[in-house]
Amino acid sequence: AKMMGFQEQPLENKGTKKMQADWEANNCQPNSYRNLDGVTTHCPPYSPPEHGTHDDLLLGGDEDQAISYLNHDTIGALAMDAYGS
């Protein structure tokens, strides 16, 4: 973005700082972490489940939602050249 002429600017303000402080005071709840030890009791860093069994890696007990190398976050990117293609 900087190469395109956008100016770098901080995204923090009084409101966002308060939201962050409130979230941390509430043990970082809610958060989107799942199936790690401590996600409901404290802020990151978190640890993998102690037992590490297949059942520990199921999301909501659904076999189709088991965490594995077959399902992971993916990042996509789009690009346009100077001619709009």
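Select Lys2. This residue is exposed, with a relative accessible area of 59%. Exposed means over 50% relative accessible area, buried means under 20%, and partly exposed lies in between (1.4 Å probe, protein chains only). The model is predicted: local features need pLDDT of at least 70, side-chain atom pairs count only at pLDDT 80 or more, and totals for chains, interfaces and linings use all residues. Residues are numbered from 1 along each chain as its sequence is written, and side-chain values use heavy atoms, leaving out hydrogens and water.

**Stop 1: the salt bridges**

The term covers a side-chain nitrogen of Lys or Arg within 4 Å of a carboxyl oxygen of Asp or Glu. Glu8 is exposed too, at 65% relative accessibility. Side chains of opposite charge can pair when their charged atoms come close.

How many salt bridges does a search of the whole structure find? It finds two. For the other, select Asp22 and Lys18. Their closest N and O atoms are 2.6 Å apart. Both residues lie in helix H1, four residues apart, about one turn of the helix. Lys18 is exposed at 51%, while Asp22 is partly exposed at 40%.

**Stop 2: the fold**

Switch to a cartoon view. The protein has one helix and zero strands. Both are DSSP runs, numbered from the N terminus: helices are H or I with at least four residues, strands are E with at least two.

**Stop 3: the disulfide**

Now select Cys28 and Cys43. A disulfide joins them, with 1.8 Å from S to S. The cut-off for a pair of cysteine sulfur atoms is within 2.5 Å. The whole structure holds one disulfide. Look along the S-S bond: its torsion is about 95 degrees, so the disulfide is right-handed. Cys28 and Cys43 both lie in the segment after helix H1 (14-25), so the pair ties together parts that are 15 residues apart in sequence.

Is Cys28 buried or exposed? At 2% relative accessibility, Cys28 is buried. Cys43 is partly exposed, at 22%.

**Stop 4: Asn31**

The backbone oxygen of Cys28 lies 3.0 Å from a polar atom of the Asn31 side chain. Asn31 is buried, at 15% relative accessibility.

Show the neighbours next. Not counting residues up to four places away in sequence, Asn31 touches Trp23, Val39 and Tyr46. Contact here means heavy atoms within 4.5 Å. The side chains of Asn31 and Tyr46 are also joined by a polar contact of 3.2 Å. A polar contact is a pair of N or O atoms within 3.5 Å; within protein, one must be able to donate a hydrogen and the other to accept it, and residues adjacent in sequence count only if both atoms are side-chain atoms.

**Stop 5: the aromatic pair**

One aromatic pair is found in the whole structure. Tyr33 and Tyr46 form this edge-to-face pair, 5.0 Å centre to centre, with 70 degrees between the planes. Rings of Phe, Tyr and Trp (its six-membered ring) pair if their centres lie within 6.5 Å; planes under 30 degrees apart are stacked, over 60 edge-to-face, the rest tilted. Tyr33 and Tyr46 are 13 residues apart, both in the segment after H1. Tyr46 is buried at 14%; Tyr33 is partly exposed at 39%.

**Last stop: the whole protein**

Zoom out. Buried residues make up 8% of the 85 residues.
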